[in-house]
Structure formats: structure tokens, C-alpha cells
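Here are my notes on the model, point by point. Please read them with the structure open.

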Amino acid sequence: MHITKVELENIKSHGEATFEFQRGTTAITGTNGAGKTTIIEAVAWTLFDLLDYKKDDFVKRGKKKGSVNVTFESSLDERRYTVYRDTGTGYYVYDPQIKMRVAEKKEEVTNFIRQHLGVEPGTDLESLFRRAIGVPQGTFTAIFLESVTERKKAFDKLLKVEEYRQGAEKLRETARYIETQTNSVRERIARAEGELARFESLETELKEISANIVELEKNLAVLAKEIEAKTKIVADFDAIEKQLNELRSQQEKLNFELESAKREKTRIEADFERAKTAVEKLQSLETHHLAHLNALSELSKLEHQRTERDKIRAENTQIETKIINAKAEEKRLIESVQKAHEAGQQIARLEPNIKQQHDLEKEREVLRTKISDAKSVQNQIADKEKERGIKRNEFATNKKLLDEAEQKSALAANLQTLLSRDNEITTQIAKLRANLERDEQFQREIKNGLCPILSQKCLNLKPGETLETFVKSQFSDSKKQITTLETEQKKVVVELNVAREGEKYLTALQSYKLRESQIKEDGIRLKNDIENLEKLLADLPNLQKQVDEIEANLRQLDNPRERAAALKRDAEQEAALRDKQREIEKILEELDRDRLLLAEKLEQFAEVEILLKKFQTERDQTLSAHRDFLVNEPLANSFPQREKEFLEITNQVSELEKSVSAKQKELVDFEKKYDRDAHQNEKSALIISQTREADTKARFQMAKERQTIVSTEIKRLQQVREEMKAEFAEKERLEKIYEATKFIRDTLKEAAPRVARNYVFHISNEANQLFREITGNAERTLKWTEDYGIVLEELGHERPFANLSGGEQMAAALSVRLALLKQLSDVRIAFFDEPTTNMDAERRENLATQISNIKHFDQLFVISHDDTFEGYVDNVISINGSN
């Protein structure tokens with residue numbers, strides 16, 4: 001794998017930055033705070049999902065979102081891909097060759113990166129980067145100086161040794177589940193045996209129900225014939241009653257129609273009389289009505305003439321206004337011409353002051369630039385102070401978390417003991433509950449104190465003791481044991497939760513210690529930066545004093561350049577103003593001519609007002625007669641129709657009176673044929689027979705339903721008998737699976753240390769080869785031991801890591817970390833962040849020489865704030881400040 005380019009946008013101190021990389025060893029140099037480590041953090045976050053702080057703190061200050069693009073050339077297919085990630089939710093892999101995304105969302109992107117890194121599934125990418133690819137600044141040799149416990153925590157996770165232990169632990173749950181399933185099968189077998197005890201009694205009940213159903217069917221046949229005869233008699237009576245009710249309904253309908261017709265006749269007759277009166281009134285009002293309409297017509301014509309006259313008057317008013325405005329404009333132009341002429345004479349007198357103003361402003365601009373630079377330094381100091389305060393708060397917070405982690409991690413000591421006891425209690429409770437349920441079933445089967453199996457008194461009972469009291473005493477003992485175990489389990493669960501919480505703090509403890517070291521280094525760096533910047537602020541008061549003096553001189557001159565420019569604009573307008581003056585004079589002549597023409601037009605409308613008053617008087621005098629005419633006109637027009645309606649309703653009332661009389665006679669004749677008492681008696685007899693039939697049917701249906709229930713239960717019990725055979729087979733199968741699971745779990749427990757030893761052996765051999773290449777000395781042997789410590793063998797004598805010199809420790813740690821990388825993945829890239837921290841010049845030179853001797857790696861990146869590595873690497877990238 002070869003990283004070709006890293007692009008940052010709004011990431012920490014970088015606004016927009018692009019860094020291109022070649023194969024070989026690359027030194028990334030620059031001052032402290034320039035953003036060198038940010039490049040490693042961006043690669044770790046994008047490719048290995050590792051970021052040691054919140055994403056919001058990764059974004060450039062003042063920006064809402066930041067993004068990273070990492071382009072690499074894959075060793076898998078030798079093609080280039082770009083991985084994009086932003087601080088929002090954006091995360092994908094882009095193929096520039098086919099111009100499309102080939103993986104999206106975290107899971108797809110992580111799987112794609114694992115494949116192209118050549119990393120085995122299940123490898124912790126974060127641990128791989130932190131322990132081998134990109135060891136954090138200042139911690140290169142730290143883990144090898146820790147205790148055995150700390151080293152095992154770090155490297156067991158990376159070598160996946162912990163996965164075997166976790167696999168064995170997870171199989172504990174599987175074994176527990178299988179055991180629970182076996183207990184469930186046993187319980188189902190016990191329940192089935194209890195249910196089968198009712199089989200014979202159900203068969204006897206089924207025979208009795210079948211005989212009862214035959215007897216009920218005979219009774220229902222007799223009742224059906226009786227009901228059929230009575231139903232025919234009642235139906236004949238119902239038909240006569242229905243005809244009689246229909247005649248009564250028709251009689252009531254005719255009576256209602258007759259009353260409605262009479263009411264309608266009264267209404268129509270009143271409307272007829274009103275229409276007749278309206279016709280007579282219209283004849284007396286017609287003359288005044290016509291006179292009113294003529295007056296309205298004349299007034300409409302005169303209103304139109306008045307509108308034309310008012311329009312001409314309005315035009316005349318506008319012309320008068322324009323004449324006044326034009327004269328005012330003419331006066332203003334005369335004054336402006338005079339002012340423009342005088343402006344030209346004043347410009348020459350201001351020339352010396354303009355030159356002086358120009359010189360002062362130029363000198364002021366130079367001084368302001370210097371002040372701005374000084375204030376920029378002041379802002380930088382403020383930013384550094386603010387950052388320093390943040391680091392103090394971070395240190396205090398981290399210190400508090402570190403103390404808490406050290407205190408609570410001690411609570412995890414009894415975790416395994418508590419887990420074992422919890423599992424034992426759960427198993428015991430399950431067994432006791434299964435026994436209790438079996439005993440309860442046994443108690444339900446006891447009859448008259450006799451044994452349900454032998455049907456006789458139990459011979460094992462004590463004198464005076466019954467079978468029921470014996471079983472109840474067994475219940476009491478089982479329940480007491482369950483209660484005791486449940487109480488103990490609650491206490492164990494509480495302690496277990498505390499221990500698990502403490503285990504979480506174990507993993508965080510090292511991170512807090514590392515963070516404390518980083519914050520201290522950042523604080524020292526910020527302090528040095530502030531002291532250097534404060535030296536640049538010495539000249540700021542003197543510069544400000546010079547600017548104030550220049551400002552005072554400029555105020556005294558009163559901006560002659562701006563005044564001259566204004567005068568020049570006024571002088572340049574003199575010719576244009578004289579042209580406008582002549583145009584205004586022409587406009588005034590045209591407006592006078594228009595005013596005379598409008599005066600002649602107004603003389604044509606002299607009599608309009610007199611005629612308007614005449615016809616308005618005539619309109620008002622005839623208004624009352626006109627309104628009465630309009631009110632009565634619709635009613636008078638309806639007179640012919642109302643006369644016709646009156647004749648029709650009179651004929652309709654006469655016909656209805658005849659129909660009502662005929663229908664009354666027909667109803668009286670038909671009532672003589674119907675006997676109501678006989679009808680009611682037959683109905684009552686029919687209802688009694690139907691009730692008996694319904695009761696018999698209900699008993700028949702209940703018998704059929706019970707027959708179905710009993711038959712179904714017998715079939716179910718037969719099925720239960722068959723299922724019992726399968727349950728016995730399932731019990732035997734689960735017991736075999738439990739034994740196999742236990743065997744696999746024991747094997748996994750033993751496999752973990754063996755796998756660790758195998759990894760350590762191969763990595764140790766690889767690290768030894770790398771160490772000899774780096775140091776150029778084949779007579780010394782580097783060993784990585786089974787407790788993840790480093791030992792250097794020289795002349796038959798073994799020296800532990802703590803006794804090695806600083807240069808030897810760095811070379812040894814470097815060899816082991818690179819060997820880890822070669823053995824665990826196909827990645828041939830490594831980052832060294834400030835590896836020369838706290839080294840003198842000679843040690844820095846030695847380390848640079850050692851790193852330059854590393855072989856078999858595609859890319860090595862060295863991040864440093866000095867130039868030690870520039871003569872030993874293939875490529876150099878210098879970062880001088882924020883982008």
C-alpha cells in the first residue's frame with residue numbers, strides 16, 4: 001500500500017491543504033504547532049477509525065465542518081482509491097478510474113480498507129495503528145517499560161489472543177443455554193405424563209355424550225312437524241290482518257290529502273285576491289313612473305358632460321402647476337450657474353494643501369501597517385493564552401478521570417469469582433423450580449390421599465401423616481431454598497455490576513496517563529510560544545503616538561482633496577446648467593399656449609349645472625310613485641297564473657271528498673271477516689312449541705360441542721404420547737451437544753496461550769532481523785518474550801529493556817513494532833511522530849541513521865520539528881504555518 005496524497009479542509013490549524021507523498025522515507029518538518037501531527041491524525045481517523053478526542057475539536061476553530069481525503073495505491077489490485085470522511089456523517093471510498101463510489105457508510109468502508117490493507121478479519125485496526133503503524137508522540141518505547149500486566153493488555157488485543165478467551169467465555173452462555181433447554185425438555189416430559197392420566201375417563205365420557213345426541217335428534221323431529229302445522233294457521237291469520245292494515249293506511253292517507261288540499265285552496269285564493277288588487281294599482285301609477293324614467297335618462301347624459309368639464313378643469317390645474325414649477329427651476333438654474341463659475345476660481349487656491357494631505361496619508365498608511373502587524377502578534381498571544389487555559393482545564397479534567405479510573409479499576413479483582421457464583425446460583429434455582437413444578441403436578445393427581453400410581457395409601461408416610469401434608473412440606477423446603485438463593489443472587493448481581501464497571505476503567509487508565517503526558521508537553525510548548533511573541537510588541541506605543549500626530553494634522557487641513565473634487569464637479573456642470581436654462585424657457589412658452597386653448601373649451605359647458613338641477617327636481621318628485629310601481633309590478637304580472645291555480649285546486653278538493661267516502665265503506669265491510677282473539681291464541685301456541693324446540697336444539701348443540709371437545713382432547717393426548725417419544729430423543733441429543741460444547745470451550749481456553757507463543761516466536765525472529773539491519777550489528781540477538789518484554793542478548797548475557805541505552809531502546813522498540821506490522825498485515829507503512837523528543841544531537845543523528853537503514857517498507861514517515869532527518873530521507877515536506 002502506498003499513500004499518494006492527503007487533503008485537509010478545515011481540520012485543526014489547516015484551512016485547505018494538500019500533501020503529496022512518494023515511496024521511500026519522508027520527513028515532515030516544521031515548527032511546533034504548524035500541524036505536522038494533524039496529518040497522521042487525519043490518516044488514522046480516515047483509514048483506521050482512530051481519533052483521540054471529539055470530532056468537534058478536530059475541526060478548525062470557527063468552522064462548522066471539516067473533511068479529509070486520503071488517496072492510496074492498493075497493493076491488492078495496484079489501483080488508486082480515495083477515502084473521504086468528514087466530521088458530519090460523510091464516509092465513503094471513491095474510485096477515480098470509474099468515477100463512482102465503491103463503498104459507503106462505516107461498515108462497508110471498514111471492510112473495504114481491511115481488504116486492501118491485507119489485514120485479517122477481526123484485527124483491531126485502532127490497536128494496529130496505535131501499537132505498530134503510528135505510535136503516538138512520546139510513547140514509542142513507553143509500553144515496553146510498563147509492567148507485564150499492562151503489556152498483556154496492550155498486545156493481547158492486537159494479537160487477537162483475547163478472542164480465544166472471549167470465545168471460551170461466550171461458549172459458557174451456550175452451555176448454560178443447552179442446560180436450560182435440557183431442563184425444559186425434562187419439564188415437558190413430566191407435564192405430558194400428568195396429562196395422559198385423564199385418557200380413559202375421557203373415552204367413557206365420549207360414549208355417554210354420543211348416546212344423548214341420538215335421543216335429542218328424535219325429539220327435534222317430532223317438534224318440527226308440530227311447528228310446521230301451527231305456522232300455516234298463523235300465516236293465514238297474518239294475511240287477513242295485513243290486508244285490513246293496508247285498507248286503514250289508505251283511508252288515513254286519503255284523509256291527510258283532503259286536509260292538505262283544503263289548506264292549499266285557502267292559500268291560493270288569498271294570493272289570487274292580492275294579484276287582482278296589484279293590477280288595479282299599476283294602472284293609476286303608470287304616468288308618474290314614465291316621467292321618473294325620463295328624468296333619470298337626462299341626468300345620465302348631463303353627468304357625462306359634467307365629467308368632461310371636470311376633466312378639462314383638472315388639465316388646466318396641472319398646466320398651472322407645471323408653470324409654477326418651471327419658474328422655480330429657472331431660478332434655481334440661474335443660481336447654480338453662478339456657483340459653478342465661482343468653484344473654478346477656488347480650485348487653484350487648494351492645490352498646495354492637497355499635496356500636503358497626500359504626503360501625510362501615505363506616511364499614516366505605513367505606520368498603520370506596522371501597528372496591524374504588531375496587533376496580529378497580540379491576537380496570537382491571546383489565542384495562545386486561551387489555548388493554554390483550555391489545556392489547564394483539560395489537564396484538571398483528565399487528572400480527575402485518571403484518579404477515578406485508578407480507584408475504580410481495583411474493583412474488578414473479583415469479577416471471575418462473582419461470574420462463577422452467579423452461574424452456579426442460576427443453575428441451582430432452575431433445578432429447584434423444575435422439581436417444584438413436578439411436585440405441584442403430583443399434588444394435583446393425588447385423590448383421597450392415595451398414591452396416583454398404585455391407587456393405595458403410601459407406605460413411606462409416618463404415623464398420622466397424610467400424603468398431602470408430606471407433599472406440602474416438600475413444597476416449603478424447595479421454596480425456602482429458592483428464596484435463599486434468589487436473595488444471594490441479588491447481592492452477587494450488585495457486586496458483579498460494580499466489578500464490571502471497574503473493568504471498564506482498566507481499559508481507560510492507560511489512555512488517561514498518555515493524555516496527561518501530552519497535555520504537559522503542549523503546555524510547555526505554548527509557554528515558549530507566548531514568550532517569543534511578547535518580544536515583538538515593544539514598539540507598539542511609539543507607532544501609535546506617530547499615527548495620532550498625523551491624524552491631528554489631517555484634521556487641521558480639513559480634507560482639501562475632497563473639497564477640491566466637489567468644487568471641480570460643480571465647475572464642470574456650468575455648460576450643462578446653461579443648456580437646461582434655455583430648455584426651461586421654451587417649456588414655459590408651450591405651457592402658456594396650452595392654458596389659452598383649455599379656457600376656450602370650458603365655455604361650451606356653461607349651462608350644464610342649470611339643467612342638472614331641473615331634472616334632479618323632477619326625479620325626486622316622481623320617486624315615490626316609481627317605487628310603488630316597481631313593488632306591485634311582479635304581483636300584477638302573476639295574476640293570470642294565480643287565477644288558473646285557483647280553479648284547479650277547487651276541482652281537486654271535490655274529487656278527494658268523493659274518494660274518502662268510498663274507502664270508508666270498504667273498510668267497514670272487511671273488518672267483519674277478521675277474529676283478533678283467535679289469531680292471538682294461535683300465535684301463543686306457536687311460540688311455546690318454538691321455545692321447546694330452541695331448548696332442545698341448545699342441549700343438542702352443547703352435547704355436540706362437548707363431543708367435539710372431548711374427541712379433540714383424546715386426539716391431542718394421543719399426539720402428546722407421540723411427542724413424548726420425540727422429547728426423550730431431544731433430551732438425549734441435547735445432553736450429547738452439552739458434552740461437545742464443554743469439550744470445545746476447554747480447548748479454546750488452552751489455545752489462547754499457545755497462539756500467543758506462536759505469534760511471539762515469529763515476530764521475535766522478524767524483529768531480530770530488523771534490529772540487526774538497523775544497527776548493522778549481527779552479533780547481538782533481540783528477543784521478544786512471551787510476556788511481551790524485550791531482551792537483548794550479547795556475548796551470552798541477556799540485558800532487559802530497562803537496562804538498554806536510549807538509542808538501543810529506540811532501535812529495539814522500532815524493530816518490534818515494524819515486525820508486528822509485517823506479521824499481522826500487508827501494510828508496509830509506518831509513522832514516527834517526534835521520535836527524537838528529549839534526545840541530544842548525537843542520539844538524534846543515530847536514530848536518523850537507524851531509520852534510514854530500515855528495508856522492506858514502502859513508506860516511512862518521520863514527523864519532526866528539527867532538520868535532523870533531512871540528510872537521511874528520500875523526501876522532505878516542510879510545513880511552516882497554518883493553511
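1. Glu 590 sits in helix 13, residues 574-602. Helices here are DSSP runs of H or I with at least four residues, strands are runs of E with at least two, and both are numbered from the N terminus. Glu 590 is partly exposed, at a relative accessible area of 43%. Buried means under 20% relative accessible area, exposed means over 50%, and partly exposed lies in between (1.4 Å probe, protein chains only). Together with Glu 585, Glu 589 and Asp 594, Glu 590 forms a negative surface patch. Patch residues have over 30% relative accessible area and no salt bridge; like charges are joined within 9 Å, and nonpolar side chains (Val, Leu, Ile, Met, Phe, Trp, Tyr) within 5 Å. Asp and Glu count as negative, Lys and Arg as positive, while His and the chain ends are not counted. A charge is placed at NZ of Lys, CZ of Arg, CG of Asp or CD of Glu.

2. A word on the basis. This is a predicted model: local features need pLDDT of at least 70, side-chain atom pairs count only at pLDDT 80 or more, and totals for chains, interfaces and linings use all residues. Residues are numbered from 1 along each chain as its sequence is written, and side-chain values use heavy atoms, leaving out hydrogens and water.

3. How many salt bridges does a search of the whole structure find? There are 44. The criterion is a side-chain nitrogen of Lys or Arg within 4 Å of a carboxyl oxygen of Asp or Glu. One of them joins Glu 735 to Arg 186, with the closest N and O atoms 3.2 Å apart. Glu 735 is in helix 17 (residues 676-775) and Arg 186 in helix 6 (residues 161-195), so this pair ties together parts 549 residues apart in sequence. Glu 735 is partly exposed at 30%. Arg 186 is also partly exposed, at 41%.

4. Arg 706 pairs with Glu 205 in another salt bridge, the closest N and O atoms being 2.7 Å apart. Again the pair links distant parts of the chain: Arg 706 is in helix 17 and Glu 205 in helix 7 (residues 199-347), 501 residues apart. Relative accessible area is 34% for Arg 706 and 23% for Glu 205.

5. Now a local pair. Asp 271 and Arg 274 meet in a salt bridge at 2.1 Å, N to O. They are three residues apart in helix 7, so about one helical turn separates them. Asp 271 is buried at 10%, whereas Arg 274 is partly exposed at 45%.

6. Aromatic pairs number 13 across the whole structure. Rings of Phe, Tyr and Trp (its six-membered ring) pair if their centres lie within 6.5 Å; planes under 30 degrees apart are stacked, over 60 edge-to-face, and the rest tilted. Tyr 53 and Phe 58 are tilted, because their planes meet at 55°, with centres 6.1 Å apart. Phe 58 is buried, at 0%. Tyr 84 and Tyr 92 are stacked, because their planes are at 25°, with centres 4.9 Å apart. Both tyrosines are buried.

7. Ring pairs also link Phe 21, Phe 48, Phe 129, Phe 831 and Phe 861 into a cluster. Phe 129 is one of the buried residues of helix 4. That helix, residues 125-133, is mostly covered: eight of its nine residues are buried.

8. Check the backbone at two lysines. Most residues other than glycine have a negative phi. Lys 99 has a positive phi, near 55°. Lys 99 lies in the loop between strand 6 (91-95) and strand 7, and is exposed at 65%. Lys 105 also has a positive phi, about 70°. Lys 105 is in helix 3 (residues 105-117) and is exposed at 67%.

9. Ile 98, Met 100 and Val 102 make a nonpolar surface patch of about 250 Å². Such areas come from the Shrake-Rupley method with a 1.4 Å probe; for residues, only the protein chains shown count as cover. Val 102 belongs to strand 7, residues 100-104, and is partly exposed at 35%.
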